[in-house]
Amino acid sequence: MAPHTAEWDQKELFPVDVMRKAAQLGFGGVYMRTDVGGSGLSRLDASVIFEALATGCTSTTAYISIHNMCAWMIDAFGSEEQRHRFCPPLCAMEKFASYCLTEPGSGSDAASLLTSAKRQGDHYVLNGTKAFISGGGEADTYVVMCRTGGPGPKGISCVVVEKGAPGLSFGKKEKKMGWNSQPTRAVIFEDCAVPVANRIGAEGQGFLIAMQGLNGGRVNIASCSLGAAHASVILARDHLKIRKQFGAPLANNQYLQFKLADMATRLVASRMMIRSAAVALQEEREDAVALCSMAKLFATDECFAICNQALQMHGGYGYLKDYVVQQYVRDTRVHQILEGSNEVMRMLVSRSLLQE
């Protein structure tokens, strides 16, 4: 991905063929069960994979991580019939998936979502709009949280809406600061009929499914930040060795040496926290939610700061699109916002501590 990341960013290309090659290596269903085409690997394995891929193209890897999250939700909570119907093409990335939770009026307060799903015979009829959907318009499988019952989290269910369903449409492609290799659009439901057979889990279980997916999504997206930060440290190191000012390489400047040391230290600290959260999630430990929230909060903040410092070390060159470091800055900034903003992560961590 690395040789193409600048072109994908500038031309806003969704690299379908490259992602399908990634799927041939097992990256379309990293931690899904093998009987439906998954790789059967652990959350720890997934963190290592997403970090490595994100050194090449953070934006594309972030979409692959979201795709994995959606596919896992179907694998984990779907019936056997649903698993074998939906998961194999997702693992092969013959079909792509999008996660539909956020709405124009409900971001951090996801339990207040308004998209309705009213049952009529053997179908649900969906009405509402989802916002900021990665892969929107290009994806084939939409994992949608919708309201089948009363207010609050217990009224939410999870259904799979397939592209081409009557009443499904998309908003304009959003113009974004980063994440340009994946399209972002509103997903719109207008009397959209979806078979009841496409409901994942029981009615009222949707919010639980959504949050379970997000726990892994937070580890995944934090791992993508790791990849960008790791690449940025290497870029900064190499630039300091080559660039000369005041008659000597910048690498001879002790202040910049110490800055580089701090960046590397914060990178490793972030990596250890994310890997620890991944293991806790895999083992289904009681502290998994808190650790995933801590890892997402700490690592996305720290890794963005590392990328930004690497840009600073490049001076004016860092601000040019000829130098990829600026793309790592742009692509990691959104990681502090999505999969639960870092302000919400603080709330989850504090709630966990106060309940002990």
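**Figure 1. The whole chain at a glance.** Buried residues make up 53% of the 356 residues in this chain. What you see here is a predicted model. Taken along the principal axes, the C-alpha atoms fill a box of roughly 80 × 50 × 40 Å. Now look at which parts of the sequence meet: of the contacts with a separation of 6 or more, 73% are between residues 24 or more positions apart.

**Figure 2. Helix α4 packs with helix α6.** Two packed helices are described by the angle between their axes and the distance between the axes. For α4 (residues 58-77) and α6, the angle is about 155° and the axes are 9 Å apart. Angles over 145 degrees count as roughly antiparallel, and α4 and α6 are therefore roughly antiparallel to each other. The crossing of α4 past α6 is right-handed. Residues of α4 that make the contact include Trp72, Met73 and Phe77, while α6 contributes Ile209, Leu214 and Ile221, among others. Sorted by class, this contact has eleven nonpolar, seven polar and no charged residues.

**Figure 3. Helix α6 meets helix α9.** Stay with α6 (residues 206-242) and find α9 (residues 325-333): their axes come within 10 Å and cross at roughly 155°. These two helices, α6 and α9, are therefore roughly antiparallel to each other. This time the crossing is left-handed. On the α6 side, the contact is made by Ser225, Ala228, Ala231, Ser232 and Leu235, and on the α9 side by Val325, Tyr328 and Thr332. The contact of α6 with α9 has five nonpolar, three polar and no charged residues.

**Figure 4. Glu12, in a loop between two helices.** Glu12 sits in the loop that links α1 (5-11) and α2 (16-24). Its phi is positive, about 55°, although Glu12 is not a glycine. Is Glu12 buried or exposed? With a relative accessible area of 19%, Glu12 is buried; the cut-off for buried is under 20%.

**Figure 5. Trp179, in a loop between two strands.** Look for Trp179 in the loop between β6 (168-170) and β7 (184-195). Trp179 is not a glycine, yet it has a positive phi of about 50°. Trp179 is buried, with a relative accessible area of 4%.

Methods: Residues numbered from 1 in each chain as written. Predicted model: local features only at pLDDT ≥ 70, side-chain atom pairs only at ≥ 80, totals over all residues. Heavy atoms only, no water. Axes fitted to C-alpha atoms, helices over the stretch in contact; angles between N-to-C directions. Helix = DSSP H or I, 4+ residues; strand = E, 2+ residues; numbered from the N terminus. Parallel < 35°, antiparallel > 145°, perpendicular 65-115°, else oblique. Left-handed = near helix turned anticlockwise from the far one by under 90°. Contact = heavy atoms within 4.5 Å. Nonpolar A, V, L, I, M, F, W, Y, C, P; charged D, E, K, R; others polar. Buried < 20%, exposed > 50% of the residue type's maximum accessible area, 1.4 Å probe, protein only.
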